[in-house]
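Here is a short briefing to read alongside the model. Shall we take the interface, the aromatic rings and the backbone in turn?

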Amino acid sequence: MLKMQDLTKTYRTDEVETVALNNVNIDIEQGEFVAIMGPSGCGKSTLLNIIGMLDTPTSGHYFFKDEDVAGYSEAQLGVIRKHNIGFIFQSFNLIDELSVAENIELALLYHDIPAAERKERVAAVMDKVGIAHRAKHMPSQLSGGQQQRVAVARAVVGNQSMILADEPTGNLDTAHGQEVMEMLQRLNEEGTTIVMVTHSPSHADYARRTINLLDGHVVTESMRA
Amino acid sequence: MLFTNYILSAWRNILRHKLFSAINVLGLAIGLAAVMLIALFVRYETSYDSFWKNADNIYRLQITFTAPGREPNPAVTAPTLIAPFLKQDFPEVTHVARAVPLNAIFIQDNNRIQEEIRITDQDILNIFDFEVIAGDIETALSDNYSLILNETLAAKYFGNENPLGKSITLETRVFTREYKVAAIIKDIPVNSQVNINAMIGLFESDWADDEALFKSWFRSYSFTYYTVKPGTDIANINNKMKDFIDRHYPSNLSGDPDNKPSDEVSLSSLNIKDLHLKAAGLGQQRPSGDYGTIIAFTLIAILILIIASINFMNLSTARASQRAKEVSIRKVMGAARTNLIIQFIGESIALTLISLLLGLVIVEISLPFYNELIGKTLIIEYGSSDIGNILIVALFVGFFAGIYPAFILSGYRPSENLKSNKSAETKASINFRTALVIVQFTISIALFISTAVIYSQIQYTKNFNLGFNAENILLIKGIRDNEVRDKTGLLIDELKKLTDAINVTSTSITPGVYGVTASNMRTPSMAEGKTVLIGDHKVGYDFFKTFGIEIINGRAFEESRNEFEASDVLVRQGNAAVNSMVINELAVRQLGFNSAEDAIGKSVSGMNYLGGDLTKKYQIIGVTSNIYFESLKNTVRPEMYVLNPYFTSTIALRYVGNPQEIIENTRNIWQQQFPNIPFRYDFVSDAIEEQYWEEHGQMTMITAFSGLAIFIACLGLFGLASFTAERRTKEIGIRKIFGAEVWQVVKLLVWQFTKPVIIANLIAWPLSFYVMSRWLESFVYRIDDMVIIALCLIAGLAALLIAWATVAGNSYAVARTNPIKALRYE
Ligand SMILES: Nc1ncnc2c1ncn2[C@@H]1O[C@H](COP(=O)(O)OP(=O)(O)OP(=O)(O)O)[C@@H](O)[C@H]1O
Ligand SMILES: [Mg+2]
C-alpha cells in the first residue's frame with residue numbers, strides 16, 4: 001500500500017535544525033495493522049503526518065499505491081488524502097459547535113455526495129460504533145470514550161482504506177481504551193489498513209507489526225507471532 | 001497590591017493582543033474624534049445669541065406675505081409701522097425696538113466709505129445688554145446727531161485716538177449730516193444674528209422724504225425686536241396676530257375683495273436664540289444655520305458613537321473569551337466576582353482613555369481642515385468644560401463597553417474553563433455579537449444610501465435644464481444706486497466696447513435671487529374682477545440674448561421700436577400707451593391662451609400688487625420657454641418681462657475668454673465712472689451654486705462622516721473576523737484534514753459575515769427609503785423614488801463587497817495554514 005525510501009524530515013526554526021526523521025525505509029501492505037512506538041520526540045507524529053500527507057518529506061521517496069507523492073503540492077495531496085485516509089487523534093478533535101451526527105457527516109461534506117446518501121451512511125456508521133442514540137448530542141455532553149468512538153466513525157464513514165491514529169487511547173482510561181482498540185481491530189479485520197502511534201505496549205499488541213523509532217531512526221521492526 | 005496587579009494584567013493584556021488593542025483603540029479614537037468635531041459644530045451653531053442676559057424673553061417679529069397664487073414670501077424683518085402697536089395691544093410686551101438697516105457713506109476728510117449701520121429706537125437698550133466701553137449710550141440714542149460705533153469701526157476711523165466727541169459725516173439716501181461719536185460698544189460676538197456695527201437714533205421726521213420707510217404696511221424694512229414679561233407663552237401672542245393684522249392693516253396685498261388682510265399677511269415671533277437656525281426668510285444679518293443640518297449631524301454623531309462602542313464591545317467580549325483561563329485561575333485563587341467585574345470594567349475604561357487621548361490628537365490635527373470646510377473657527381477649549389464633557393462621554397462608553405464582557409467573564413465557572421478542550425464562547429455571546437454587527441452595518445448602509453441620494457439630487461439639479469445658459473455671465477451689482485442709475489445706459493455702452501463682451505443687458509432679476517415683484521394681470525376675456533398674479537420683471541435690451549433664453553414665439557424687444565414701459569408718473573399724467581411685454585409659457589396658460597402663437601399680439605392689463613393703484617396696458621410681443629432663475633426647491637411660475645432699464649438692479653454681461661480679465665476690464669470702466677462707489681460683481685454660475693451651498697456643505701460633511709462610520713464598522717469587522725478565524729482554527733484544521741479545500745474554508749468564514757450584512761440591508765433599505773423620500777419632498781424638481789431603490793441595491797452590494805474584502809484576506813491566510821499546526825497546540 002505504501003512504501004518509504006530514504007525518507008528524511010528536518011525542521012528548521014531560528015537557526016536550530018531538528019532532524020525529526022532520518023533515512024526511514026518502511027513498507028506497509030494493504031490490510032496491515034501497524035503500531036509505531038518510541039520515546040517522546042522521536043518523530044512518531046511526524047512520520048504519521050507524512051504518511052497522512054498532512055506534511056511533506058524534506059527528501060526521499062514516498063510511494064502511495066505506487067505513486068511517488070513526495071513532491072506533490074498541498075492541493076494534490078489533499079485529493080489523495082480525502083479519498084484514502086481517515087484520521088483519529090489523541091484529543092479527539094471534534095468540532096464543539098457541531099452535533100455527533102454533524103461531526104461525522106463532516107468527513108463526507110467535501111466529497112460530492114448527495115445529502116440523502118450522506119445521512120444514510122452516517123446513520124450506518126453510528127450504528128456500527130454504537131453511538132446512534134447520541135446522534136443529536138454535542139461533543140461536550142459525551143464522555144471521552146464516546147467522543148473517540150465518534151472520531152472513529154468519522155474516520156471510516158468515507159470508506160477510507162487506511163486509518164491513521166495518533167495515540168487514540170492516550171486520553172482514555174483502561175476500559176475505554178480497550179473499547180477503542182477492539183473497534184480498530186474489527187475495522188482491520190474488515191480490510192482497513194491501520195497505522196497507530198501508541199505508548200502502550202498492550203495496545204501495540206493488537207497490531208501485527210510494531211515499528212520502533214528512536215531519534216528519527218527505525219530501530220527495530222517486530223512481527224507478532 | 002491588588003490594584004497594581006490589575007494594572008499590570010491590563011497592560012500585559014493590551015500588549016499581548018496588539019492587533020485587537022490597536023483596532024479597539026483606533027476605532028474608538030476615530031469615533032470620538034468625529035463626535036467631538038460634530039459636537040463643536042453643533043454647539044457653535046446652537047450657541048447663537050444665547051449670551052444676551054434676557055435671551056429667553058427677547059423675540060423678533062417677522063412677516064410673511066402670501067400673494068394669491070405665489071409661494072409665501074417670508075422675511076426676517078417687518079414693516080416699521082407695526083412696532084408701535086405691539087406694546088399697545090399686548091400687555092405681555094415690555095419693550096419694543098426697531099433696527100432699520102441703512103447703507104450710509106462715512107465721509108471723513110476726503111475718504112468716502114460705505115458702511116451698513118442701524119437706525120434704532122432708544123428702547124433697544126432695554127432689550128440688548130450691549131457692553132459699553134466708553135460714552136453714554138442712553139443719551140446717544142436720544143438725539144439725531146449722535147453716533148454709536150463698535151470697537152472695530154472706532155478703530156477703523158480713529159485709530160488710537162479717543163473717538164468720543166469726534167465728528168463724522170454720514171451721507172444717506174435722504175440726508176447728509178454731521179454726527180458726533182457719543183458711545184463705543186464692544187463688538188457683538190460672531191455667534192449672533194444681531195449684527196450691529198453702528199447705530200443712530202431713530203426719528204421718523206428725519207425720513208419724511210423717504211417714500212416708504214415709515215409709510216408702508218407692505219415693505220418690511222426693520223428688524224423688530226421686543227421683550228416679554230418672564231413666563232410669557234409666545235404662542236399666545238402668535239395666536240393673536242391674525243386679529244392684530246386685521247385690526248391694523250388698511251388693506252390686503254392683492255386687492256382681491258374676498259381676502260382679509262390676514263389671509264395674505266402673517267406675523268410670527270421667534271425667540272432670539274432661534275434666529276440662527278429657525279428663521280425662514282430672507283435678509284438674515286449673518287448666514288443662517290440650518291436646523292435640519294444640526295439634527296442630521298447630531299444623529300450622525302450618535303450613530304458613529306454607537307458604531308464605535310459596538311466595535312469596542314464586540315472586540316472586548318471576543319477577547320474576553322480567550323481569557324477564560326485567567327479568570328478561572330483568579331477565581332480558584334479566591335477572587336470574588338466583584339473583583340473581576342471591577343478589573344474588566346477598569347481595563348475597558350483604561351482603553352477608552354487611551355482612545356480619548358488619541359482622539360484629541362486627531363481632532364487637533366483635523367480642525368484646520370474642518371474649519372475651512374465649514375467656514376467657522378472652532379476650537380477645543382481645554383480650560384473649559386469641553387474636556388470634562390468628552391471625558392464623561394468616554395467614561396460612559398468605556399463603562400458600558402466593559403460591562404457586558406465583565407459580567408460574562410466573571411460568571412464563568414472555573415471547572416469548565418480549566419478543562420483544556422473547550423471553547424469558552426457561549427452561543428448567546430456569539431449571537432449577541434452578530435446582533436451588534438447587524439446594528440453597525442444597518443447604520444453604515446443607511447448612511448451610505450442617504451449620502452448617495454443627496455449626491456444624486458445635487459447632480460440632478462446641476463444637470464437640470466434651467467432654460468438659460470448660466471456659463472460665462474458676469475453680473476455687476478448696485479446700479480440701482482441713485483448716482484449710478486442715471487448713467488447705466490452709458491455704462492452699458494462702454495462695456496459693449498470690450499472685445500471680450502458679447503452681450504450686455506440690465507435686469508431686475510438674476511439667477512439665484514428670490515424675486516418677489518409681481519403684478520395682477522387680466523385679459524379682456526377673463527371674468528369680471530378676476531386676475532392672475534404674474535412675476536413682473538424689468539429688463540434691458542438683449543436680456544434674452546445675454547442669458548441665452550429661447551424665444552419660442554414672437555420676438556424680443558427691439559431698439560428701433562422704442563417700446564419702454566411707461567413710468568407710473570407718466571401713466572398718472574394720462575399716458576395711455578400700450579406697453580410691450582414678453583411672457584413665459586406658464587403665463588400663456590394661466591392667462592388662458594391656447595398656445596404661444598395664440599398669445600402673440602393679445603392685450604393684457606394689470607397693476608403692481610404692492611399697493612399700486614395704477615392700471616397699465618400691455619401687448620404680448622413674445623413668448624419664452626419657462627426658465628428657472630430660482631432654486632429648484634421652488635416651482636417655476638408665470639412671469640412677464642418688460643423693457644424698463646430704469647428699474648433694473650444688475651448689469652449682466654456675457655463674455656468669452658478669461659473671467660479674471662473681464663473682471664479687471666469692467667472694474668476699470670466702473671471706477672472711471674464711479675470712483676466713489678465700490679465695484680461689486682458675481683458670476684451667474686456662482687450664484688446658482690450658492691443656492692445649493694447648504695446641500696453641498698451638508699454633502700461634504702455627511703460624506704466624510706458616513707465614510708468614517710463605515711470605516712470604523714469595517715475596522716471592527718476586521719478585528720472580529722481575525723478573532724473568529726483564530727477561534728475557529730481548530731475547526732478549520734479538522735475540516736481540512738477531512739478534505740476541505742482552501743476556497744471552501746474561505747467561503748465558510750466569509751459566509752459567516754455575509755448573513756448579518758444581508759439582514760442589515762433588509763433593515764436599512766426601508767428605513768433609508770422612508771427618510772430620503774421625505775427629504776426629497778422639499779425639492780419641487782427631484783430624482784425619482786426609483787433612484788433610491790437602485791441606490792439601496794448598490795449600497796447593499798457595496799456593503800457586501802466591503803465586508804467580504806475586509807474578511808477575505810484574513811480568512812485566506814487562515815485557510816492556507818497547515819492543519820497540523822492548528823492541532824499541534826491542543
Ligand atoms: N513544526 C515543527 N517545527 C519544529 N520542530 C518540530 C515541528 N514538529 C516537530 N518538531 C520536532 O521534531 C521532533 C519530532 O517530533 P514529533 O512530534 O514527531 O515527536 P513524537 O514522537 O510524536 O513525540 P510525542 O510522543 O511527544 O508525541 C521533535 O524534536 C519536535 O520538537
Ligand atoms: Mg506525537
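Buried means under 20% relative accessible area and exposed over 50%, with partly exposed in between (1.4 Å probe, protein chains only). This is a predicted model, in which local features need pLDDT of at least 70 and side-chain atom pairs count only at pLDDT 80 or more, while totals for chains, interfaces and linings use all residues. Residues are numbered from 1 along each chain as its sequence is written, chains are lettered from A and ligands numbered from 1 in the order in which they are written, and side-chain values use heavy atoms, leaving out hydrogens and water.

**Backbone of chain A**

- Glu167(A) has a positive phi of about 45° although it is not a glycine, and with 17% relative accessibility it counts as buried.
- Glu167(A) sits in the loop between β7 (162-166) and α6 (174-189) of chain A; helices (H or I, at least four residues) and strands (E, at least two) are DSSP runs, numbered from the N terminus.
- Asp66(A), also not a glycine, has a positive phi near 70°, and its place is the loop between β4 (59-64) and β5 (67-68) of chain A.
- Asp66(A) is exposed, at 75% relative accessible area.
- For background, most residues other than glycine have a negative phi.

**Where the chains meet**

- Contact (heavy atoms within 4.5 Å) joins 21 residues of chain B to 22 residues of chain A.
- The buried area, meaning accessible area (1.4 Å probe) that two parts lose on being put together, summed over both, is about 2,000 Å² between chain B and chain A, and carbon and sulfur atoms give 55% of it.
- On the chain B side, Arg735(B), Ile737(B) and Phe738(B) lose the most area to chain A, together 33% of what that side buries.
- The interface has 3 salt bridges, each a side-chain nitrogen of Lys or Arg within 4 Å of a carboxyl oxygen of Asp or Glu.
- Glu74(A) and Lys736(B) meet through their side chains in a salt bridge, at 3.3 Å from N to O.
- α25(B) gives the most to the side of chain B that touches chain A, with 6 residues.

**Aromatic rings**

- Rings of Phe, Tyr and Trp (its six-membered ring) pair if their centres lie within 6.5 Å; planes under 30 degrees apart count as stacked, over 60 as edge-to-face and the rest as tilted.
- Over all chains, the structure holds 42 aromatic pairs.
- Phe468(B) and Phe629(B) form an edge-to-face pair, 4.8 Å centre to centre with 70° between the planes.
- That pair links distant parts of the chain, 161 residues apart.
- Phe468(B) is buried at 8% relative accessible area, and Phe629(B) is buried at 8% too.
- One aromatic cluster includes Phe468(B), Phe629(B) and Tyr641(B).
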